[in-house]
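Me: Hi, I'm new to this structure. Could you walk me through some parts of it?

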Amino acid sequence: MAQSTARLCRLLRDEVTEQLSLKSVVFRELATDWRKLLFPDATDERFADGYAQAVTFGLLVARAKNIELSKGLQQVATTLSQTSSLIGAALRLLTDNAENQATLKTSLGTLTRVLDAVDWSKISKGHPEAWLYFYEDFLEVYDNKLRKQTGSYYTPPEVVGAMVGLVDEVLRSSRFGQHAGLAAPSVTVADPATGTGTFLLGVLRKIAATVKEDEGQGSVKGAINAAIKRLIGFEIQLGPFAVAQLRILAEIVELTGAPPKIPARMFVTNTLDNPHEDNEWIPGLLAPLANSRKEANKIKRDEPITVVVGNPPYKEKAKGKGAWVENGSKNENQPAPLAAWIPPADWGVGAHAKHLRNLYVYFWRWATWKVYDHDEARNTGIVCFITVAGFLNGPGFQRMRDYLRRTCDDIWVIDCSPEGHQPKVNTRIFQGVQHPVCIVMASRSAKSNGDAPAKVVFHALPRGHREEKFKALSVLQLKSKAWTECPSDWRAPFLPASQGAWAGYPKLEDLFVYNGSGVQTKRTWVIAPDASSLVRRWEKLIEAPVDDKQLLFHATLRDGKPADRHVGSVVKTALLDHKPILTKLADEKGGCLPPVQYGFRSFDRQWIIPDARVITQPNAELWGSLSNQQIYLTAPSDRSPTTGPALTLTGLVPDLHHYNGRGGRVFPLWRDEKATIPNLPPALLGFLVGKYGSKVGAEDLVSYIAAVAAHPAFTVRFHDDLSTPGLKVPLTANGETFREAAELGRRIIWLHTFGERMTDPKKGRPAQPPRLPAAGMPQIPAAGEIPQTASKMPDTISYDADKKRVLIGQGYVDHVEPGVWSYNVSGKQVLLHWFSYRKASRERPMMGDRRDPSPLGNIQPDYWLAEYTTELINLLNVLGLLVDLEPRQAEILEKICSGPLISADELASTGALATPSKAKAKTAKMQGPDLFGTAS
């Protein structure tokens, strides 16, 4: 049923799009008004999508009310206009204009015939959840990309029940003294991103259960009808809104035995819009919707709300999408609400503040503004959201955490993703969401004291299947002993403090003077697995007409205009030994700079065009310190490693996402291209020399770090400690153990850099690609040849465990151990991701509303290159040798941790970690030999 409805809705959408292209006056006017009221940035396609969903779900609502569609749409439009202004208006466009109805006769005719044959009462059997599952199936078929664009993932009822229960428990506590909890007449509840209404349903059910237990079944009807006035839902998507109306109506009928006398307070509106602004009255079809929007704004502006609860949408890089919450109003003197969460410059985390530009953060800010800020006389209440977990510890969210600690008196944090990023699907609360998620409930009572930080407590759900998480949530209470108190520092993460030995280890970043982001190109076509493709792409760009160059270049756009480098930019930065090229790309006629190898991902060496004009954030300091002795260590920063090595190394300039495709930091070994100034605190090596009684060089220390942390045993041993992001390094106080680990680490670096660093032929580290012993060396037999023809370009990779064989299209590689096949870096399986950039179809999965990549990216080999085979064999040997070393690394880690250690306090107290102030000041701008200043 859902699948057929989705296909018919898609047909209707396409017909509306066609009418817009034909300049249909009525549809064009409606689209214009639609944008004015709800979607100022909506394209014709977006309008057509919204309109099609409004009509489709309007007809479904009609069928749920037993209205026969075959008798005409007039009755449907009239009936629905009373409860749903938007759906009624959408249908009136058809009933008031026979020509419009005729233009859509194919889709409308089929849609009404199909839905007339449906007995919804038999399908739903009285269960409101049937609508939820219907819409989930509908959206998956209709446009799954739309779900990703809007960040909409509907909350499992088990999670809703737990969250509503915790809110109810807080209300009943001495903090608020509302003994009836959510059933108390003074408690108003809002869901600012209602979706399909699951949270409002949960609140209604909790109220019914409370009243039944306390007063008896006979009191439930009156309590529910009274509660309708205190429940508010805002939603901007039309399909979910219609579903929510149906579910709420069905639930009220189920609980009371009759439809409500007053409609539920649900509004199609953008929650984040300015509550003080109402558009001019728009006459015609959308006048009821304009009225509805005014009602919603009046609630936002004037009505006190006790509880805001829900699952706001998630969308990264949402700058410009936060409306009034993000940008404020030109007509007001006060700053935008989000400004209260922007960290000041002297906090030194400005580079991370961009992560605040996320839809879920905007909703967090709206909720806290509404409950705590907008009315000083009525500023107590609760905000409870389930969202992605980045704000728990991300450096860019420090002022958000500071605000919550100063504003609230209690904060509860539930980690729903203890497995970390990209866990197995069956462990996820939201099966389509790869990011860690959390439930956070922030409470401000009348007893709140802004001079004392809120008490923050933390609890992690059990690892494993989502059903186990649901079970744990169902019994979790605020009085449970499962909660762990978090640090009280104003800006500290909402995570438990390090315990035991881990707390005393020095931080990785303290062992280096400088760490920064890797290179960010902002466009994918300047990177490729082979150099020849980059030259061909450059030629295509340069030869294109000027009007086409911007499209091919693929500048980042904001409000339709380039927001970063573009073909008209003059860029004075130079990379490597090249001189600055001041010619605009729009005027460029010359050839491509010779591509250079590039650290794209851990163990994935690709090529890049070293031209600053095509790289938005080249981070010239990394290029300026490049040499044949440089080593770049890369590690995650705002998240913790989960599996595999906790850090990786490369001798190539690394990408922003080098570690495992998810950001991170880069720690160069040397400050200068001559490899004479270590990127280490000036006194650190001297301290270690005194401690160990023997010479210690910069390469010794970075090799020691590689031996300690670049393997799976590290992430396993310190898994619980890594709940708070940020690597630490157990530093032995035993000189012999240090030297043993450093020697092992040199081999690790030699492998990570494919035999290009830490070479020493006498010790089995020749200056060439590493190789396993002959008996176990991965090889391609004659029968396993990977064809080098376009028709047989491989598009699949798999593993035959019995034969220890990696299958690549019609070819294969033998002697590949299971540990090599499964080798991963924090969940990213290296071989799968390496192959994904070299297979026949290299389309990347769409994330959010990311634009289609530049057509230049389509310029790539149409057959398997011999150099791909060579690099694959190199990679398999490297991984095989690393797997073989893992037991040895685990042994040395155990030896270090069980022996005497040098603590962070000892290093700090002796000045061993002191860094030159000049180095700190220049980390963002320095380049060339004097990149980090002169050590003192």
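**A first tour**

Reply: Happy to! Let's begin with F754, which is found in the loop between α25 and β19. Helices (H or I, at least four residues) and strands (E, at least two) are DSSP runs, numbered from the N terminus. This is a predicted model, where local features need pLDDT of at least 70, side-chain atom pairs count only at pLDDT 80 or more, and totals for chains, interfaces and linings use all residues. Residues are numbered from 1 along each chain as its sequence is written, and side-chain values use heavy atoms, with hydrogens and water left out.

Me: Thanks! Is F754 buried or exposed?

Reply: F754 is buried, with a relative accessible area of 3%. Buried means under 20% relative accessible area, exposed over 50%, and partly exposed in between (1.4 Å probe, protein chains only). F754 also has a positive phi of about 55 degrees, although it is not a glycine.

Me: And what is the phi of N619?

Reply: Phi of N619 is near 50 degrees, a positive value in a residue other than glycine. N619 sits in the loop between β14 (604-608) and α21 (620-624). With a relative accessible area of 17%, N619 counts as buried.

Me: OK, sheets next. What is the strand order in the sheet of 9 strands?

Reply: The order is β3-β2-β1-β4-β5-β7-β6-β8-β9, in an open sheet with mixed pairing. β3 and β9 stand at the edges with a single partner strand each, so one side of each is left without a neighbour in the sheet. Two strands pair if DSSP finds at least two bridges between them.

Me: What does pairing involve, in general?

Reply: Strands of a sheet pair through backbone hydrogen bonds, either parallel or antiparallel.

Me: Which way do β6 and β7 pair, parallel or antiparallel?

Reply: β6 and β7 (residues 437-444) pair in the antiparallel sense over 6 bridges. There, D410 has S443 in β7 as its bridge partner. Helix α10 (residues 157-172) packs on the sheet, touching β4 (307-310), β5 (381-388), β6 and β7, and its direction makes about 155 degrees with that of β5. Contact means heavy atoms within 4.5 Å. Axes are lines fitted to C-alpha atoms, for helices over the stretch in contact, and angles run from 0 to 180 degrees between N-to-C directions.

Me: How about β6 and β8, parallel or antiparallel?

Reply: Strand β6 (residues 410-415) and strand β8 (residues 455-460) pair in the parallel sense, over 6 bridges. I411 stands opposite V456 in β8. β8 is also joined to strand β9 (residues 484-485) by 2 bridges, and these two run antiparallel. In that pair, V457 stands opposite E485.

Me: What about the sheet of 3 strands, what is its order?

Reply: The order is β19-β20-β21, an open sheet with antiparallel pairing. β19 (797-800) and β21 (811-813) stand at the edges, each with a single partner strand, so one side of each has no neighbour in the sheet. The twist averages 25 degrees from one strand to the next. β19 pairs with β20 (residues 805-808) over 4 bridges, and D800 stands opposite R805 in β20.

Me: Switching to helices. At what angle do α23 and α25 cross?

Reply: The axes of α23 (residues 698-709) and α25 (residues 735-752) cross at roughly 80 degrees and come within 6 Å. That makes α23 roughly perpendicular to α25. For the cut-offs, angles under 35 degrees count as roughly parallel, over 145 as roughly antiparallel, 65 to 115 as roughly perpendicular and the rest as oblique.

Me: Which residues meet there?

Reply: On the α23 side they include L701, V702 and Y704, and on the α25 side they include F738, L744 and I748.

Me: Last one: which residues of α12 are buried?

Reply: In α12 (residues 220-227), V220, I224 and A227 are buried. They cover an arc of only 65 degrees around the axis, which puts them on the same side of α12. The arc is that of the directions from the helix axis to the C-beta atoms. What covers these buried residues includes α11 (198-215), β2 (231-235) and α13 (238-256).
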